[in-house]
Structures are given as C-alpha cells and as structure tokens.
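Hi everyone, thanks for coming.

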Amino acid sequence: MAWLFRYDHTPVAPDEVSFFPMCSYQKAAFMCWLWLFLAIALEVTATILMKYSDGFTRLGPTVGMLFFYALSLAPLARVLTQLEVGAVYAIWSALGTAAVALIGMVLFHEPASGLKVFSIALIIVGVVCLNLSGHAPRPSQDQAHKADLRLAASAQVSTAVVKPMESNR
C-alpha cells in the first residue's frame, strides 16, 4: 500500500523516495511521521505559550508563541512534499487538539469530564480510521490523457451538431 504521492498524484515507488536517498521506503515513511509529530509538538508548544501570554500582554510567551508557530510550519511543509494534504492536516489538527486538551486538563487544571475525555478519544479514533481507510486508486497519466481526448472529442461532436442547426435559421 503506497501512501506517498507526487504532486501529479502518481504513487512514489518504494525505491524512489526522493528526500532520503540511500534509505529504504520504510525509513522514509517513518521519517515523514517523525516530521509530522515534530510539527504537532511545536504547534502544541505554541498554543500553550499563547495561554501563558495572557492575551498577548506578556512579551516573553508572546514572542515564544510566534516563534514556535512559525517553526512548526517547516516540518509540516516538509511532510506535505510527500503525503496528501488532507490526511496530513487532519492528523496535525486532530492530534494537536487532543494534546492541547489533555495538557489543559493536567497543566491548567481544566475540568476533565467524562464527555471531554470521550470526545478526545473519538478524535484519536477518527485519525486512526482516516489512516486505515487507505487511498482511492488514481488513474495513470495515460488513462487521464485518454479521458481528456474523449472529452475533447465529445465537445467537437456537440459543436458539429449545433452549427448545422444554427444555419437553418
């Protein structure tokens, strides 16, 4: 099951992973997950610093928040060169949300109701199900080109039918 794709949506073969030459496909996939978890950790750190900034009235936490938010985008951008944006963003935002909610309960003594904990568990289950869902097969370049030709041919046929009808008016 290949889950690394190029920008043109063609699958990347295990032996041609571009940003880790000399590494196996599994190591490259593992590195993508590490980059994603680093992006999540940096974003969660920034969000916690936002709480400490007290509405941007404290300079240190505010500058730290801006720094960590900006820093979180670099590993996220690196992951997006290899993985699909929808799945990456869903994982990034869901796990970040769950982590911030759990940290809020522990660090800031926010209420930890059963419904809140259940909702966090649902977020995590949703992310797991998203990853288990796999990917729809994508048409090859040749199939896409043939579909474009069929579409162009049908457009020419429809204009050929319309022109004689207009000349009868």
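Let's begin with the cysteines: a search of the whole structure finds zero disulfides, a disulfide being a pair of cysteine sulfur atoms within 2.5 Å. Before I go on, a word on the source: this is a predicted model, where local features need pLDDT of at least 70 and side-chain atom pairs count only at pLDDT 80 or more, while totals for chains, interfaces and linings use all residues. Residues are numbered from 1 along each chain as its sequence is written, and side-chain values use heavy atoms, with hydrogens and water left out.

Back to the cysteines. C32 counts as buried because its relative accessibility is 0%. C129, at 45%, counts as partly exposed. Here buried means under 20% relative accessible area, exposed means over 50%, and partly exposed is in between, with a 1.4 Å probe and protein chains only.

Now, the core. The largest nonpolar core has 14 residues, and L36, I40, L76, V88 and W92 have the most contacts inside it. By nonpolar core I mean a set of buried Ala, Val, Leu, Ile, Met, Phe, Trp, Tyr and Cys residues joined through side-chain atoms within 4.5 Å. Helix 1 (25-52), helix 2 (59-80) and helix 3 (85-107) each give two or more residues to this core, and helix 1 has the largest share, six residues. Helices are DSSP runs of H or I, at least four residues, numbered from the N terminus.

Take a look at helix 2. Its 22 residues should span 32 Å at 1.5 Å a residue, and the end C-alpha atoms are 32 Å apart, so the two agree; the expected span is 1.5 Å times one less than the number of residues. Which residues of helix 2 are buried? They're P61, T62, G64, M65, S72, P75, L76 and V79. They sit on the same side of helix 2, because they cover an arc of only 155° around the axis, going by the directions from the helix axis to the C-beta atoms. Turned away from that buried side is a face with the exposed residues L59 and L66.

L76 touches L36, A39, V88 and W92, leaving out residues up to four places away in sequence; contact means heavy atoms within 4.5 Å. With the same exclusion, S72 touches A39, L42, E43 and W92. A polar atom of the S72 side chain also lies 2.7 Å from the backbone oxygen of Y69.

Note on methods. Polar contact = N/O pair within 3.5 Å; in protein donor to acceptor, adjacent residues only side chain to side chain.
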